[in-house]
Amino acid sequence: MLDTFRSSSKLLKTFKEHTSCVTSIDYSTFHHQLICSASSDKTVRVWDVKKNEQIEFNEHSSNVNCVKFSPYHRHDVICSSLHDNTIHFWDFKKKQQLEVFEGHNSAVYGIEFSSFNFGRYLCSGSSDKTIRLWDVETSKTLYIFKKHRNIVCCVTFSPLQSNQNNYDYDKSNSIGVIGGNGYTICSGSWDNTIRIWDIETAKQITKSNRHKGIVKSVKYGSNKLANTILSGSDDKNVRLWDIRSDRQSYVFNGHTNFVNAVEYSPFIAKPSKYFNEHLVCSASNDNTIRFWDIRSNKKEFYLIQGKNKDNGICSLKFLLIQRGEDIIKMSLCYGSRKGFIHIRG
């Protein structure tokens with residue numbers, strides 16, 4: 001519960017090696033103590049949060065906008081998107097670049113692996129106003145989505161469906177048989193819109209333009225919230241959307257500067273007899289992380305104030321950190337505009 005986190009959590013660690021904005025953070029589901037980070041200082045870094053140390057870094061020729069552990073490769077491979085129009089796969093244990101995806105005509109921002117088929121598919125959003133769907137196994141572009149009118153900042157796949165198996169997939173490269181029946185991609189853009197795309201038909205399903213600024217972050221919900229999308233924007237607002245009705249459910253006001261990242265929180269407020277009050281959170285250039293009750297448009301439920309030197313929060317990720325043989329605690333990791341990475345738990 002959030003009350004427990006709020007009352008007992010403390011700043012566990014600050015990593016200071018980045019020298020500029022921490023644009024992205026990811027958590028390894030295979031190595032539970034590892035996180036990776038990307039920065040506009042042109043580096044990707046890998047950290048062992050249990051040992052509180054950096055274990056590897058890779059320097060690129062341009063800003064790194066997003067980084068993800070690759071579920072398709074399963075072990076020791078990181079994927080990063082760069083300002084030089086490319087996407088890189090890097091084996092950080094062997095210190096070896098595996099391959100580079102080239103196809104975008106401008107900077108690549110958000111990247112995301114598919115929730116199905118072991119992450120065999122990758123989507124990417126770019127300054128060239130397009131989203132590309134890649135087959136990681138063949139290193140080929142399967143389709144290009146083209147209706148955005150400006151930079152595509154963020155992309156995400158819909159979550160794994162409970163009635164589908166993540167083990168079986170058709171080896172064909174054809175768009176109609178990638179094993180993605182019913183799956184969609186959501187994207188946010190400098191054109192202030194959120195768009196949803198059907199993977200099988202490669203067509204836009206819907207478009208929302210309720211935000212009045214650049215859409216910096218979009219996330220699908222899961223389980224009971226599987227039909228919702230959470231978004232954050234330069235209009236300083238956080239919004240929750242109902243996909244089925246194509247309507248905005250809630251708007252959360254309180255940030256005083258751009259919202260850079262949003263996440264569905266693993267925490268709940270005090271559970272009642274009939275329901276649990278789920279919470280979402282957001283990070284902003286106003287140097288705060290705010291938690292919101294999705295059943296209310298009221299003021300934030302809880303606020304974390306960044307350090308004075310942070311100058312704004314750019315990225316965040318929830319982690320499960322082992323504190324002993326049998327104790328695993330939920331922690332919050334967030335990156336600042338000045339390059340600091342903080343872990344609180």
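Helices (H or I, at least four residues) and strands (E, at least two) are DSSP runs, numbered from the N terminus. The model toured here is predicted; local features need pLDDT of at least 70, side-chain atom pairs count only at pLDDT 80 or more, and totals for chains, interfaces and linings use all residues. Residues are numbered from 1 along each chain as its sequence is written, and side-chain values use heavy atoms, with hydrogens and water left out.

**The whole chain**

One helix and 28 strands are found in it. Of its 345 residues, 57% count as buried, where buried means under 20% relative accessible area, exposed over 50%, and partly exposed in between (1.4 Å probe, protein chains only). Contact means heavy atoms within 4.5 Å. Among contacts between residues at least 6 apart in sequence, 49% join residues at least 24 apart.

Select strand S10 (residues 108–113). Five of the six residues of S10 are buried, so that the strand is mostly covered. Two strands pair if DSSP finds at least two bridges between them.

Continue to strand S12 (residues 131–135), which pairs with S11 in the antiparallel sense over five bridges. Here Tyr121 stands opposite Asp135 in S12. With S13 included, the four strands form an open sheet in the order S10-S11-S12-S13, and the pairing is antiparallel. S10 and strand S13 (140–145) are the edge strands, each pairing on one side only. Neighbouring strands of this sheet are turned by 20° against each other on average, direction ignored. For such angles, axes are lines fitted to C-alpha atoms, for helices over the stretch in contact, and angles run from 0 to 180 degrees between N-to-C directions.

**Second stop: the sheet S14-S15-S16-S17**

Now select the open sheet of four strands with the order S14-S15-S16-S17, in which the pairing is antiparallel. Its edge strands are strand S14 (152–157) and S17, and each pairs on one side only. In this sheet, neighbouring strands are turned by 20° against each other on average, direction ignored. Within the sheet, five bridges join strand S15 (residues 184–189) to S16, and the two run antiparallel. Cys186 stands opposite Ile196 in S16.

**Third stop: the cavities**

On a 1 Å grid over the protein atoms alone, a cavity is a set of points where a 1.4 Å probe fits but cannot get out, and a pocket is an open set with protein on both sides within 12 Å along at least five of seven lines; lining residues have an atom within 4 Å of a point. Grid points are joined across faces, edges and corners, and a volume is the space filled by probe spheres set on the points. The count comes to two cavities of 30 Å³ or more.

The largest cavity has a volume of about 120 Å³. To find it, select its lining: Ile194, Ile196, Thr206, Lys207, Ser208, Ile229, Trp241, Asp242, Ile243, Asp246 and Arg247. Strand S16 (194–198), strand S17 (203–208) and strand S20 (238–242) each supply at least two residues of this lining, and the largest share, three residues, comes from S17. By class, the lining has five nonpolar, two polar and four charged residues. Ala, Val, Leu, Ile, Met, Phe, Trp, Tyr, Cys and Pro count as nonpolar, Asp, Glu, Lys and Arg as charged, and the others, Gly among them, as polar.

For the second largest cavity, with about 40 Å³ of space, select Ser28, Phe30, His31, Phe69, Ser70, Arg74, His75, Asp76 and Val77. These lining residues divide into three nonpolar, four polar and two charged.

S20 and strand S21 (247–252) are the elements that give two or more residues to it. Four of the lining residues are nonpolar, three polar and four charged.

**Last stop: Ala261**

Finally, select Ala261 in strand S22 (residues 259–268). Is Ala261 buried or exposed? Ala261 counts as buried because its relative accessibility is 9%. Leaving aside neighbours within four places in sequence, Ala261 is in contact with Ser217, Cys281, Ser282, Ala283, Cys314, Ser315 and Leu316. Tyr334 lies 73 residues from Ala261 in sequence and 9.9 Å from it in space, C-alpha to C-alpha.
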